[in-house]
Amino acid sequence: MKKKIIRLENTRLGFETTRENEIDKILEFDSSSGNLRVHILTQPFLVSSDGEKDEIFETINEKLGRKLNKSSTRIIQNLPVPKAYSAPFKIYLDITTACNLNCPFCLSRKGDKFISLQIVKRIAKEIERLGIMYVKVGGGDPLLHPDFEEILRLLRAAGCFITMSTNSTTMTPKIAKLLAELNVRTSVSIEGLERTNDMFRGKGHFKIALKTLELLKKEGVETLLRVTLLRENLKEVPELVKLAKEKGVKIKFSYCRPAGNAIKNRMVLGPEDAKEYLEAIEFINRPENLPYVLMDEGMMFYQPLTIWERLFRGRMCGAANRSIHIDAEGNVSPCIFLGPSYKAGKIYQDGTIEDFWRKNEVFKKVREIRQPKECDSCDRICKNECPANRLYFWGNFERQDPNCLIEARKNAKIRRR
C-alpha cells in the first residue's frame, strides 16, 4: 500500500469557464497519519491526457516546492464534477444497525442489518481507485459485525484512514490490538458525567467506557472521548473537559443531529436551549481548553484558514461535495440527517460510488441548496451551518440553523429578558 495520495482537483468547473484538465488544487494525503494538506494554486496548470507520469510528478514537485517519493505516492486525477470535488473525501459507512444499547439520542435505529463483505470489497476497490481518504466506520456498534476485522483490513489496504466510535461494551484486548495495528482512530462515547451518562446508556456504562479508554491507550490506539451535546449534559461540559485532561486524551464535542432516535425522542438542541448551549460553547472555546478539545467546525469561535482551504466554495456542510453516506442496508445518501426524502438509491444496485457522486439527481439537488440570506453578510466561514437542522426545525432551507452561534446569541438574549 502506498502511503501518500496526491489528488489533482479542478474546483472551478460549474462556476467559471475552465477546461476539464485544468488543476487549481492539490490534495496531499498521508494515509498513515490521516493528515491532509490542501494546496490552492494561484497559477493553475494543465494535465495532458497523454502526459508522461514523470512529467506530472515534476510539475507537482514544482508546485509543492519539494520532491515527492515516487515509490510511496499515488497520483490520482478523476474527472471533475461540477460544484463538488471530483470524489468524496470521506465515506460514512454504517456496517450494522445492531447495538446492545438503546440510547434515546442515537442517530441510528436499532436493528439486525449487517452490510455484506462483498459490498465492502467493492467499496474498498472504489476507495483505492478514486483516492477517497477517510472512512468513518459506524453502526449500531461496528464491533458487533461478524466480519469486523476483515472489513477494517479491506478498508486499510485500500489506502484510507479509518475512524470509529464504540459504545465500549463489546471491546476486548484482541480488538484493541487490531485497532492499534491498523491505526484506527477510536472514539469512546460518553454522554455526560456518570449519573447523566448511565441514565442514557445504562447503569455501569460510564465505568466500562473509562476502562475501555485505558485499554485502548495501553495498546497504543489513538483514542479520544466523544460527547454528543444534549440539553441534559450542557452544564457538565466543564467537568467533562477536566475529565479528558485527567485521562490524558482529547475530548470531541459533536452536535446532536436529526436522525434515528434523536428525532423520535426530540433530542436535537433548539432555540429554547440557546442560553445553556452558548455557555457550553463559550467554555469549550476558552484558550486554556482548546489544546484538549475537538469540536464540530460550526462551534469554533476561531475558524482557522486550514478549514477554509478544504471547503468547496465556502460550503461548511460536506454533504455531496466532500462526503457520502452508506448505511448497513446499502442505502446511499449525501447525508443521513437530511432524511428519507434524500435517499439516492442502493449501492451497486442503482450505481457505484462514482455514479452517485457524478450523476445522481439527489446529489445534484443537495449541491444547489443555498445558504440562508443572513449568512451572506456574515464573516464566519461556516456559512450555512447544517442544512439538515434547518430542514428539521423549519421545514425548509431558508431560515437559519438554531445551532448557528450568531443565531444562538440572538435566542440567548431573548431568553434573558
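Is phenylalanine 397 buried or exposed? In this predicted model, phenylalanine 397 is buried, with a relative accessible area of 15%. The cut-off for buried is under 20%, so the value of 15% falls on the buried side.

The chain contains 15 helices and 14 strands. Its radius of gyration is 21 Å, close to the 22 Å that the globule rule gives for 417 residues, so the chain is as compact as a globular protein of that length. Along the principal axes, the C-alpha atoms fill a box of roughly 65 × 50 × 45 Å. Of the 417 residues, 56% are buried.

The accessible surface of the chain comes to about 18900 Å². Carbon and sulfur atoms account for 49% of this surface. The chain carries 72 positive and 55 negative charges.

A pair of aromatic rings is described by the distance of the centres and the angle of the planes. The chain has eight aromatic pairs. One of them joins phenylalanine 29 and tyrosine 134. Phenylalanine 29 belongs to strand S2 (residues 22-30), and tyrosine 134 to strand S6 (residues 134-138). The two residues are 105 residues apart, and their pair links distant parts of the chain. Both phenylalanine 29 and tyrosine 134 are buried.

Phenylalanine 397 pairs with tyrosine 342. The ring centres are 6.4 Å apart and the planes lie at 80°, so this pair is edge-to-face. Tyrosine 342 sits in the loop between strand S13 (331-333) and strand S14 (345-346), while phenylalanine 397 sits in the loop between helix H14 (387-394) and helix H15 (405-416). The pair therefore ties together parts that are 55 residues apart in sequence. Tyrosine 342 is buried, at a relative accessible area of 8%. Elsewhere, Phe356, Trp357 and Phe363 form one aromatic cluster.

Helix H9 (residues 274-284) is largely enclosed by the rest of the structure, because eight of its eleven residues are buried. Among them are Ala274, Leu278, Ile281 and Phe283. A further buried residue of H9 is Tyr277, with 1% relative accessibility. Beyond its neighbours within four places in sequence, tyrosine 277 is in contact with Leu229, Leu234, Tyr255, Leu269, Asn403, Leu405 and Ala408. The C-alpha atoms of tyrosine 277 and leucine 230 are separated by 8.7 Å, although these residues are 47 residues apart along the chain.

Several backbone details were also noted. A cis peptide bond joins glycine 139 and glycine 140, with omega at about 25°. Glycine 140 is in the loop between S6 and helix H3 (148-157). Lysine 83 is not a glycine, yet its phi is positive, near 65°. This lysine 83 lies in the loop between strand S4 (73-76) and strand S5 (90-94). At 27% relative accessibility, lysine 83 counts as partly exposed. Alanine 320 also has a positive phi, of about 70°. Its place is the loop between helix H10 (305-310) and strand S12 (323-326). Alanine 320 is buried, with a relative accessible area of 0%.

Notes:
Residues numbered from 1 in each chain as written. Predicted model: local features only at pLDDT ≥ 70, side-chain atom pairs only at ≥ 80, totals over all residues. Heavy atoms only, no water. Helix = DSSP H or I, 4+ residues; strand = E, 2+ residues; numbered from the N terminus. Rg over C-alpha atoms; globule rule 2.2 N^0.38 Å. Buried < 20%, exposed > 50% of the residue type's maximum accessible area, 1.4 Å probe, protein only. Areas by Shrake-Rupley, 256 points an atom, 1.4 Å probe, with all protein chains shown as cover. Lys, Arg positive; Asp, Glu negative; His and termini not counted. Charge placed at Lys NZ, Arg CZ, Asp CG, Glu CD. Phe/Tyr/Trp six-rings, centres within 6.5 Å; stacked < 30°, edge-to-face > 60°. Contact = heavy atoms within 4.5 Å.
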